[in-house]
Amino acid sequence: MIKILKNLQKKEVLFIIISIIFIVLQVWLDLKIPEYMSNITRLIQMNNANINDILKEGLWMLACSFGSLILAIFVGYFAAYVGTSFEKKLRRNMFEKVESFSMEEIQKFSTSSLITRTTNDITQVKMFLILGIQMFAKAPIMASMAIMKIIGKEWTFSLITIIGVLIILVLSVVLIFVAIPKFKKVQKLTDDINKITRENLTGIRVVRAYNAEDYQLNKFENVNDDLTKTHMFTQKLMAIVSPVMSTIMSGISLAIYWTGAYMINKALLMDKINIFSDMVVFSSYAVQVIISFMLLVAIFIIYPRASVSISRINEVLNTNSKIKDGTISKGNNLKGDVEFINVSFKYPDAEEYVLKDISFKVHTGEVIGVIGSTGSGKSTLVNLIPRFYDATEGKILVDGIDIKDMKLEYLYNKLGYISQKAILFKGSVRDNISLGKINNKKVNKDVINESLNIAQAESFVNKMDKGINSDLSQGGTNVSGGQKQRLSIARAIARNPEIYIFDDSFSALDYKTDYNLRKKLNKYTKNSTKFIVSSRIGTIKDADKILVLDNGILVGIGSHKELLKTCKVYKEIAESQLSKEELENA
Amino acid sequence: MHNRMNIEKTSDFKGYLIKALSLNKKYTHLVIISLVLSMLSSILTIIGPDKLKEITNIITLGLMTKIDINKINKIATVLLIIYILSFIFNYIQGLIMASVTNKFSKDLRSNISNKINKLPLSYFDSTTIGDILSRVTNDVDTLGHNLNQSLVTLISALTTFLGSIVMMFYTNGILAITAILSSIIGFSLMIVIVKKSQKYFTSVQNELGEVNGHIEEVFSGQNIVKVYNATDEMMNKFDKLNDKLFEDSRKSQFYSGLMHPIMGFIGNFGYIAVCIVGALLVIKGNISFGVIVAFMIYVRLFTSPLSQFAQGMSTLQSASAASERVFKFLAEEEMINETDNVKLSKKDVKGNIEFNNVKFGYNKDKIIIKDFNASIKSGQKIAIVGPTGAGKTTIVNLLMKFYNIDSGDIKIDNVSINKITRENIHNLFTMVLQDTWIFNGTIKDNIVYNKKNISDGKIKEVCSLVGLDHYIKTLPNGYDTVLGDNDNLSSGQKQLLTIARAMIDDKPFIILDEATSNIDTRTEKIVISAMNKLTKNKTSFIIAHRLSTIKNADLILVMDKGNIVEQGTHEELINKNGFYAELYNSQFQTSN
């Protein structure tokens, strides 16, 4: 908690301090009110009061009450400001942090977890902070000031109050220890319910094809039963809270009056009136004390939840990206040379290498096909070039410079990367194509149109409502998979990069579109180096160089023809996809 | 989610509540008992101050002389009993309500889960999974909890409210009017604030949605954002959204924070008014001092239900919004109930299938399958190929009766599928899809799925057939390895697993919809040979992107734009040099 509070700015800290001062004042005013009442009581009982005296006391009471309201409004304003501005800052920090992460950190947390941490968890912390400023400060101040007020008075009354407080404390402790574990279980079971329902929905065709509706329903009902039982248990536990609280509140007044009667009876004449007025006032103070303890307990119940969120946020903020930015931002004459020197890669903590001792060199304008079976490391190989991960051993040179020494922005300016799963953003088609900057500039309109044309996307974009200005929804759900992929290819073309990286980007396209696209692309990008990862042999067989990977080892490098002769793995792949004639024609 | 509920206005506030209440019928008697208990308990609480007044009066009366302790003891004992009874009623009420609420929620969840199985697949095309999930959890919780809770709150608040008015007037008219007037002033202030804050709440919800959407998008597309040097661009957009959210969030937070102090002020204000007016009346000798004491409590009893009303109404509002979402889902049109005129048994089915002039569209105005005709003989291996969007998967959807055809007919062994139940059809077909579906459970569970009496030997047999047995044995828990969040299977292995699942199910027809597209071509060879064992003597349909997979099919149906444009064997079609040949050759054509 303290660590996260360091994110507070000076202005906010000032606001918090002012709030606390105001709260002290407010509580002081609140507690003043019964005092005036006590005066009124005394005036009445003395039998010699005049109306003016009572009105005077009454006006004071009103003034105190109004003053307290004004102060509370200010505190509310400050708390809202501090809470939401803290939330804003924290959310920005999280966003910035995650943006700096490499794949390694993102995979460590998982994207969905990072999203909940940046959204829900931050909201939790904000709510706690706002409540905290208002209550956490108020409850102890009120409790201690109210106790001060009554401490000098009758000890029997104090004892009654203490007993009330004790009952509340004991009850809360018991509830916290019995109920909180159950709350966690409820959370888990709710997750399970979600999981099973999600499972049923994602596999709805399978479920139906197997006539397994009852099987799924059974599974659901089991968890549903469990969830209901646990829920019921906690709610029945909690059901005791409100009756106990209200009984204590009314019970305390009764107890004070009851014992008061005995005490007055025994007291000397002069003390009688004092005890009486104490008694009336005391019951109001006692209620205040009880309320403030209830507030304290409430905070202890909310805190664990906020505390979980806080530690989840801190975990992200304390993680630093392992990818360090380089310094070189000026190049040489080379354009599009890539060299791998004894590159090996394994995931952190993993035992097995994903890539082992890979060395090769490619030159400007070459097309490099990367092929291998699932899990052979093809995607990982090309993902090392944009430094999504850093090689565990060895070096990667782009245009003769070690990519670790390059400024990332400079490296990115050279690259056009198209991921396996097309990623589009909410906004117009144009915004998506002109995403980001290349050499600190945005791409212009002509380039956009041309790249759409090359990527075989022009025809369907023109058919959309507003053409290039049509809006894509979040995740591009309003276009088909193949269309998404074509747009993401167009986005890379628009940058006219030195090096293209197609990470299995053609798989969503049918062969015809795939073929047409590659034909146009080759014409347009003669001077760019192209890495094409694919499991379709047809897509890469015309490449200048084909890298064949098998379990992370580079088992062959060469042209289609050469590899058919020299590389066993390549031959197997080719045989499984091509007919005899085609193999012979090669 | 919960907050959003508070703001969403339902189109038919009462209607959906009544619907929810009528589903509650099973528990009506319990709800009524609980309401009566909470009324009783409220009434008892209201009597309290009156007794306290009596005690005070006895004390003041004997203040200078001697207090009648006996009388006080008597009254105090009565009061104590009242408090204890009130406690008991309250507690029992709470217990009953907890039980009703949970049973009600459970019923709702079961109904939704049941409903999922009864909806036509077309429903899921237009709904997101997240949306249905939030109905099962958030909405049901909100509805179950808020509905019953707000009922109790409203009833007990109403009882307390009316009761304290009655008691106040019974005790003293002037003070009663003082208390009521002073509270009204306070509350009109509050209504103004609530009205004013409403618009900020709505905009906060919208802006929060936008910020969250942006975060989700950027985090999931992190790689792209980086490589395209778009980090600053995304950060700027985030800042813009975040700043806007902050402004409104600050205001809405402030207004909602005002409620509490204002409620406090109203309480104090009433208290002071009662004290002053009361004191004046005491001096004039109109009332006893005990009346003031009683009123000090009445003011509290009178003002707190007013805020409970506000709270109760807003929870009722959110219950109604949740109810709308839940009941709209439950009221969705279900698949038509079928009568099984004809029943085809697994053993007797020969395996002939005929498509006659089949016409179908997911939307009425967009026909996907125009005029599909094909005749398939028992034991044939049929391949369906064609470019994306040609309608290949749609044919399967129709065959499986996932969707109903618009016109034309599909016949299995000369029986129209309209005359056979879906369940019966599903009993005849084994299906493997492109999207592998693995659920949380052990490998064994995933293979056996809902079938009964499958021996371990059989499981091993199919796993060896698809080449998985060895890998599974290397896992620490073998066949009992739990598949879940931490994946130890590659996507290809998952696909092999679903094929194993299909193989255990011995059915006369087999459909493989892009089943091998996640598998690399070398593994595919193993699978295809396993498939060939599986499909031997069975009528099978294979949809494939990779044309290499289907070269040895008995019949290839080439589809384009919802029609069959060519059919024949691979050699026939290649020799024809038409659409298929072009499609086939494009995968080998050189692009330079």
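Helix H8 (residues 213–238) of chain A has 26 residues, and from its first C-alpha to its last it reaches 37 Å, close to the 38 Å expected at 1.5 Å a residue. That expected span is 1.5 Å times one less than the number of residues in the helix. Helices here are DSSP runs of H or I with at least four residues, strands are runs of E with at least two, and both are numbered from the N terminus.

Before going further, please keep in mind that this is a predicted model, in which local features need pLDDT of at least 70 and side-chain atom pairs count only at pLDDT 80 or more, while totals for chains, interfaces and linings use all residues. Residues are numbered from 1 along each chain as its sequence is written, and chains are lettered from A and ligands numbered from 1 in the order in which they are written.

Which way does the helix face? An α-helix has 3.6 residues a turn, so residues three or four places apart point the same way. The buried residues of H8(A) include A:Glu213, A:Gln216, A:Phe220, A:Leu227 and A:His231; buried means that 20 or more other C-beta atoms, placed from the backbone, lie within 10 Å of the residue's own. These buried residues of H8(A) pack against helix H6 (155–202) and helix H7 (204–209) of chain A, together with helix H4 (69–118) of chain B.

That brings us to the partner chain. In all, 124 residues of chain A are in contact with 115 residues of chain B, where contact means C-beta atoms, placed from the backbone, within 7 Å. Helix H3 (residues 51–100) of chain A gives the most to the chain A side, with 25 residues.

Now step back to chain A as a whole. Chain A holds 21 helices and 12 strands. Its radius of gyration, taken over C-alpha atoms, is 36 Å, well over the 25 Å that the globule rule gives for 586 residues, so chain A is more spread out than a compact globule. The globule rule is 2.2 Å times the number of residues to the power 0.38. The C-alpha trace spans about 125 × 60 × 50 Å along its principal axes.

Chain A is assigned domain 1 (2–317) and domain 2 (338–585), with bounds from an automatic or database domain assignment. The C-alpha centres of these two domains of chain A lie 56 Å apart.

Key:
Two residues are in contact if their C-beta atoms, placed from the backbone, lie within 7 Å. A residue is buried if 20 or more other C-beta atoms lie within 10 Å of its own, exposed if 12 or fewer, and partly exposed in between; C-beta atoms are placed from the backbone.
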